[in-house]
Amino acid sequence: MTQPASPLSKHVAIIGGGPAGLMAAEVLSQAGVRVDLYDGMPSVGRKFLLAGVGGMNITHSEAYPAFLSRYAERAPHIAPLLREFGAEALCEWIHGLGIDTFVGSSGRVFPTDMKAAPLLRAWLKRLRDSGVVIHTRHRWLGWNDDGSLRIARPEGEIAINPDAVLLALGGGSWSRLGSDGRWMPLLEQRGVSLAPMQPSNCGFEVQAWSELMVSKFAGAPLKNIAIGVNDDSPRLGECVITATGIEGSLIYALSAPIREAINRTGSATVHIDLLPGRLVDKIHAALSKPRGSRSMAKHLHSQLGLDGVKAALLRELTPAESFADPLSLAKAIKALPLTLVKARPLDEAISSAGGVLFEAMDEHLMLKPLPGVFCAGEMLDWEAPTGGYLLTACFASGRVAGLGMVQWLRRQG
Ligand SMILES: Cc1cc2nc3c(=O)[nH]c(=O)nc-3n(C[C@H](O)[C@H](O)[C@H](O)COP(=O)(O)OP(=O)(O)OC[C@H]3O[C@@H](n4cnc5c(N)ncnc54)[C@H](O)[C@@H]3O)c2cc1C
């Protein structure tokens with residue numbers, strides 16, 4: 001990691017106190033730059049704290065090529081950020097805050113107590129001790145004609161004139177935590193190219209479940225299944241039936257190709273393998289055994305262990321005739337077609353795709369049309385599945401933007 005040479009008598013404004021903005025604040029204050037950080041909410045790091053509620057998965061321990069591949073077509077743009085501050089550097093940095101980490105059985109990395117709050121507390125103390133001034137309830141509204149920044153605060157609007165600015169305004173989901181995407185028209189008016197915000201790591205809707213699926217199985221977990229999208233090999237995991245469709249970790253992981261298929265053709269048909277551990281001919285053989293006077297439900301249960309929500313889904317998505325034909329039924333069990341027609345709303349999603357195009361920034365994440373204005377975090381146009389990849393890229397981009405600002409300020413003399 002690059003270490004700055006000498007203190008700089010410069011002043012920067014960081015807008016947005018999520019992981020990306022706070023990381024840039026750290027880099028800049030270490031370089032001796034005066035940092036004022038503004039956030040529209042009454043406290044900073046609200047989404048980071050929410051991420052800690054179900055267990056703060058901060059990064060992933062898998063090998064770098066696999067890690068990088070999670071950013072799909074944006075991998076070439078994320079690679080330089082991870083080179084500066086990847087999963088290992090992030091873990092060391094967490095340890096430096098006095099927080100231990102552990103690697104879970106899936107390879108995901110967590111703070112030892114699984115929580116975000118102690119980490120954020122220790123970090124904010126260190127930032128304040130190093131001189132970073134945090135102004136909460138200060139909302140950035142855009143630029144005045146003279147180029148100063150418009151900041152709304154409870155006492156009224158002020159104008160500020162920093163030597164450089166970092167926008168780390170977050171994505172477009174969970175707007176009640178502060179990141180609401182309202183910055184998009186402000187940047188567009190200034191000639192910054194953006195991709196529209198779209199839900200990522202989100203649930204999807206079906207045309208309509210039957211009354212039985214909604215009343216009896218909304219909320220039911222579908223465990224030990226595999227789902228295939230397009231021609232990709234099916235992925236193992238679990239998800240949850242909802243009143244309107246389906247959600248959960250496996251669906252989130254597949255959300256980008258599902259969303260893109262819906263965007264292209266109006267719907268996406270995924271194939272659910274209800275028994276990923278068994279081959280179709282073994283299932284066929286089991287179903288072909290005589291069932292005597294037993295019902296089909298009992299036969300499925302006794303021969304294959306299929307019952308509850310899995311059996312209900314099979315009924316829901318398979319034509320009645322297939323139940324009289326063991327081979328058709330076996331094939332349906334291995335590749336149950338489920339048609340999804342719509343992503344759940346952006347505000348419900350764990351993260352968002354879209355935002356500032358990498359092509360609109362230089363390698364230090366400075367906006368080409370707006371010299372001295374840098375961007376970082378989820379507001380950039382990339383997406384990744386859950387697994388710690390989101391936070392890692394937010395931290396890394398905050399670090400790269402912070403270092404880029406230091407260099408830029410030095411060049412300004
Ligand atoms: C339920 C949930 C669980 C998650 N779990 C994980 C997980 O386990 N692992 C993982 O890697 N990721 C997880 N994430 C994603 C992760 O939390 C985000 O990707 C990350 O917080 C984004 O960081 P950021 O700094 O870019 O933006 P944010 O954290 O969204 O911060 C942006 C800040 O900018 C402020 N702001 C916005 N507009 C303005 C304005 N005009 N003026 C002033 N301030 C403004 C906001 O108030 C906010 O504080 C989860 C997200 C959710 C919703």
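A salt bridge is a side-chain nitrogen of Lys or Arg within 4 Å of a carboxyl oxygen of Asp or Glu. Arginine 259 forms one with glutamate 260, with 2.9 Å between the closest N and O atoms.

## Basis of the model

This is a predicted model: local features need pLDDT of at least 70, side-chain atom pairs count only at pLDDT 80 or more, and totals for chains, interfaces and linings use all residues. Residues are numbered from 1 along each chain as its sequence is written, and side-chain values use heavy atoms, with hydrogens and water left out.

## Salt bridges

By this rule there are 15 salt bridges. Side chains of opposite charge can pair when their charged atoms come close. Buried means under 20% relative accessible area, exposed over 50%, and partly exposed in between (1.4 Å probe, protein chains only). Glutamate 260 has 30%, so it is partly exposed.

Aspartate 180 pairs with arginine 139, the closest N and O atoms being 3.1 Å apart. This pair links distant parts of the chain, 41 residues apart: aspartate 180 is in the loop between β10 (164–167) and α7 (184–188), and arginine 139 is in strand β7. Helices (H or I, at least four residues) and strands (E, at least two) are DSSP runs, numbered from the N terminus. Aspartate 180 is partly exposed at 23% relative accessibility. Arginine 139 is also partly exposed, at 27%. Glutamate 348 and arginine 344 form another salt bridge (2.7 Å, N to O). Shared partners join Glu205, Lys342, Arg344 and Glu348 into one network. Glutamate 348 counts as partly exposed at 42% relative accessibility, and arginine 344 as partly exposed at 22%.

## Ligand site

The ligand is surrounded by 30 residues, the closest being Asp39, Asn57, Trp140, Glu378 and Leu391. The shell has 15 nonpolar, 11 polar and four charged residues. Here Ala, Val, Leu, Ile, Met, Phe, Trp, Tyr, Cys and Pro count as nonpolar, Asp, Glu, Lys and Arg as charged, and the others, Gly among them, as polar.

A side-chain N or O atom of glutamate 378 lies 2.6 Å from an oxygen atom of the ligand. A polar backbone atom of asparagine 57 is 2.8 Å from a ligand nitrogen. Proline 19 places a backbone N or O atom 3.3 Å from a ligand oxygen. The protein covers 94% of the 1000 Å² of accessible area that the ligand has on its own (Shrake-Rupley method, 1.4 Å probe). Elements that give two or more residues to the shell are α1 (19–30), α2 (46–51), β7 (139–143) and α15 (389–412).

## Buried residues

Lysine 310 is in helix α13 (residues 308–317). Lysine 310 is buried yet has no salt bridge; aspartate 307, the nearest side chain of opposite charge, is 7.9 Å away. Lys and Arg count as positive and Asp and Glu as negative, while His and the chain ends are not counted. A polar side-chain atom of lysine 310 lies 3.0 Å from the backbone oxygen of lysine 223.

Serine 351 is in strand β18 (residues 351–356). Serine 351 is buried because its relative accessible area is 0%. The side chains of serine 351 and asparagine 201 make a polar contact at 2.9 Å. A polar contact is a pair of N or O atoms within 3.5 Å; within protein, one must be able to donate a hydrogen and the other to accept it, and residues adjacent in sequence count only if both atoms are side-chain atoms.

Notes
Near = heavy atom within 4 Å.
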